[in-house]
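Me: I'm new to reading protein structures. Could you walk me through a few features, one at a time?

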Number of protein chains: 2
Amino acid sequence: MEDEPHLAVYRDLLARYVAQDSEATEESERLSELFHERGVSPDDLVAMHLDALKQIAVNPDRVTLRSIDFLMKMMSGYGHDYREHQELKSRQK
Amino acid sequence: MEDEPHLAVYRDLLARYVAQDSEATEESERLSELFHERGVSPDDLVAMHLDALKQIAVNPDRVTLRSIDFLMKMMSGYGHDYREHQELKSRQK
């Protein structure tokens with residue numbers, strides 16, 4: 001997983017989760033940790049989700065896709081906090 | 001807005017955004033700040049989004065709804081970081 005682009009890894013795991021793959025939940029915890037370590041912010045994660053969903057959903061409804069756009073906007077303030085937190089933590093080391 | 005439950009406010013603004021209300025984007029910035037001040041974490045926000053979407057989408061597709069479940073799981077690690085950050089900030093005051 002290490003060298004694959006984040007989006008591809010996320011998309012493949014999301015597809016498995018949607019298809020009820022029983023191991024996908026457990027793997028999502030590890031992927032969440034990995035993204036964390038690599039500095040993927042909460043708003044980056046929502047943006048990645050939207051991209052991945054567009055790739056795997058056969059016929060996503062317009063309302064739902066647009067709603068995720070809204071979630072991305074709502075999350076952008078959290079991205080700022082997240083980066084500030086990474087800085088505070090690295091200063092504490 | 002102050003006294004309304006978060007979900008109702010979020011749902012109404014989301015519905016307006018989805019319906020292309022031109023003022024909804026600007027208002028989403030203020031709501032994002034308000035949620036921030038009130039300690040709504042990133043994973044809380046995704047959970048709220050899923051609840052709101054179920055209320056406003058007439059016929060959401062199953063894949064998309066389940067995908068947001070996955071996003072919620074992915075975001076849960078960020079919730080921990082967020083709460084830690086709030087603590088660090090309050091200690092700095």
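Reply: Happy to! Let's begin with a charge over a ring: NZ of Lys or CZ of Arg must be within 6 Å of the ring centre and within 35 degrees of the ring normal. Here, the charged end of Arg66(B) sits over the ring of Tyr17(A), 4.2 Å from its centre. Likewise, Arg66(A) lies over the face of Tyr17(B), at 4.2 Å from the ring centre.

Me: Before we go on, what should I know about the model and its numbering?

Reply: This is a predicted model, where local features need pLDDT of at least 70 and side-chain atom pairs count only at pLDDT 80 or more, while totals for chains, interfaces and linings use all residues. Residues are numbered from 1 along each chain as its sequence is written, chains are lettered from A and ligands numbered from 1 in the order in which they are written, and side-chain values use heavy atoms, leaving out hydrogens and water.

Me: How do I read aromatic pairs, and how many does the structure hold over all chains?

Reply: A pair of aromatic rings is described by the distance of the centres and the angle of the planes. Rings of Phe, Tyr and Trp (its six-membered ring) pair if their centres lie within 6.5 Å; planes under 30 degrees apart count as stacked, over 60 as edge-to-face and the rest as tilted. The structure holds eight such pairs over all chains. Tyr82(A) and Tyr78(B) have ring centres 5.5 Å apart and planes at 45°, so the pair is tilted.

Me: Are Tyr82(A) and Tyr78(B) buried or exposed?

Reply: Buried means under 20% relative accessible area, exposed over 50%, and partly exposed in between (1.4 Å probe, protein chains only). Tyr82(A) is buried at 6%, and Tyr78(B) is buried at 2%.

Me: Which kind of pair do Tyr10(B) and Phe35(B) form?

Reply: Tyr10(B) and Phe35(B) are stacked, 6.3 Å centre to centre with 20° between the planes. Both Tyr10(B) and Phe35(B) are buried.
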